[in-house]
Number of protein chains: 2
Amino acid sequence: MESIASILRNAGLKATPARLFVLRLLAETTKPLSHAEIEALARKEADAPPDRVTLYRVLEALTAAGLATKAVDRRGVARFSARDTHRRHERHVHFHCLGCGGVFCLTAPPPKPPRLPKGFRLEAAEFDVKGTCAQCAAKGKSGA
Amino acid sequence: MESIASILRNAGLKATPARLFVLRLLAETTKPLSHAEIEALARKEADAPPDRVTLYRVLEALTAAGLATKAVDRRGVARFSARDTHRRHERHVHFHCLGCGGVFCLTAPPPKPPRLPKGFRLEAAEFDVKGTCAQCAAKGKSGA
DNA sequence: TTTGCAAATGCAACATGATTGCATTTGCAA
DNA sequence: TTGCAAATGCAATCATGTTGCATTTGCAAA
Ligand SMILES: [Mn+2]
Ligand SMILES: [Mn+2]
Ligand SMILES: [Zn+2]
Ligand SMILES: [Zn+2]
């Protein structure tokens, strides 16, 4: 297996402690993590927790290098996931519960992207399905 | 035609100056407006511009009452549109340019929502298509 | 192994979006 | 006309994210 350090160096990034910590964290976690969540975990687990700003810059570097994916969630917070983790969720649609904020993987494949006007370049297409999950619906908790 | 004031009162909201201003603004504008944009317009056009916080609370009230729609854009900023305006764009897909932030209406109809697990309740399904628009592509400005 | 230096980090300050508490004002139903 | 729940203004506070700059460090070359 390829080490986290070599993954970083192969992507042209120096293998610094902060980057090793964050990339390992993203690789071990299934759900996308926010900067705040990563910072909290770093304070708890890392022996020398990196600075807040360093974490922002690490996430920016990982994203720019293609090792992580950045997406803004419904509340307007940026969330990051490792490229491989993200890939595993590319072939199906997700359901976002407006009650509890939970994300559920559906079995349906994503729809085909539509035809674009001349000169337009497609980069990503996401089918965003929102509503109330079974548990929240039972409790009578509707959206937000 | 129904007055803005009666629309508010029919929705169970008091017809206050701030609400009248914001709802009229949203109704007259085609593109979704952010709080900052609304505040700037209020300072320019309203005789007694409402407080920043009041605008937040007005937008919250309009959304809760179903008179406005709230959506977080790519930069993590909340944007609001009048219910009717929003309805006009429900029957086709939109393209979001990562270069200039522009939104383009496509001709393709939205895909059918997928089957949900038992107990789940669908509220909205949005097909979010991102990339680079023709103008930005010509200028060589890729995504963010 | 040592060393040079571009790149990465820490720290402080700043920017912007959004929320909360509380005293005061006001829409509107009675 | 009037009472009062609801709405507003204002100040403080929080959250997310950015920028400038001095210091440290990963790592490639010597
Ligand atoms: Mn999934
Ligand atoms: Mn449209
Ligand atoms: Zn739920
Ligand atoms: Zn563009």
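**Notebook: a metal site and a pocket**

I looked up A:Cys105 and found this residue partly exposed, with a relative accessible area of 45%. I note that the model is predicted.

Entry on the metal site. I next asked which residues coordinate the manganese ion (ligand 1). I found A:His89 through ND1, A:His92 through NE2, A:His94 through NE2 and A:Cys105 through SG, at 1.9 to 2.3 Å. Along the chain, I read the spacing of these donors as H-x2-H-x1-H-x10-C. I then placed two of them: A:His92 lies in the loop between helix 5 and strand 4 (94-97) of chain A, while A:Cys105 belongs to strand 5 (residues 103-105) of chain A. The two are 13 residues apart, and the pair links distant parts of the chain.

Entry on accessibility. Is A:His92 buried or exposed? I recorded A:His92 as buried, because its relative accessibility is 17% and the cut-off for buried is under 20%. A:Cys105, at 45%, is partly exposed.

Entry on the second largest pocket. I looked up its volume and noted about 220 Å³ of space. Which helices of chain A each supply at least two residues of its lining? I listed helix 1 (4-10), helix 2 (17-28) and helix 5 (83-88). Helix 5 gives the largest share, four residues. Among the lining residues I noted A:Glu2, A:Ile4, A:Leu23, A:Leu67, A:Asp84 and A:Arg88.

Key
Residues are numbered from 1 along each chain as its sequence is written. Chains are lettered from A and ligands numbered from 1 in the order in which they are written. This is a predicted model: local features need pLDDT of at least 70, side-chain atom pairs count only at pLDDT 80 or more; totals for chains, interfaces and linings use all residues. Side-chain values use heavy atoms; hydrogens and water are left out. On a 1 Å grid over the protein atoms alone, a cavity is a set of points where a 1.4 Å probe fits but cannot get out, and a pocket is an open set with protein on both sides within 12 Å along at least five of seven lines; lining residues have an atom within 4 Å of a point. Grid points are joined across faces, edges and corners, and a volume is the space filled by probe spheres set on the points. Donors are N, O and S atoms within 2.8 Å of the metal (3.2 Å for Na, K and Ca); water is not among the atoms, so sites may look incomplete. Buried means under 20% relative accessible area, exposed over 50%, partly exposed in between (1.4 Å probe, protein chains only).
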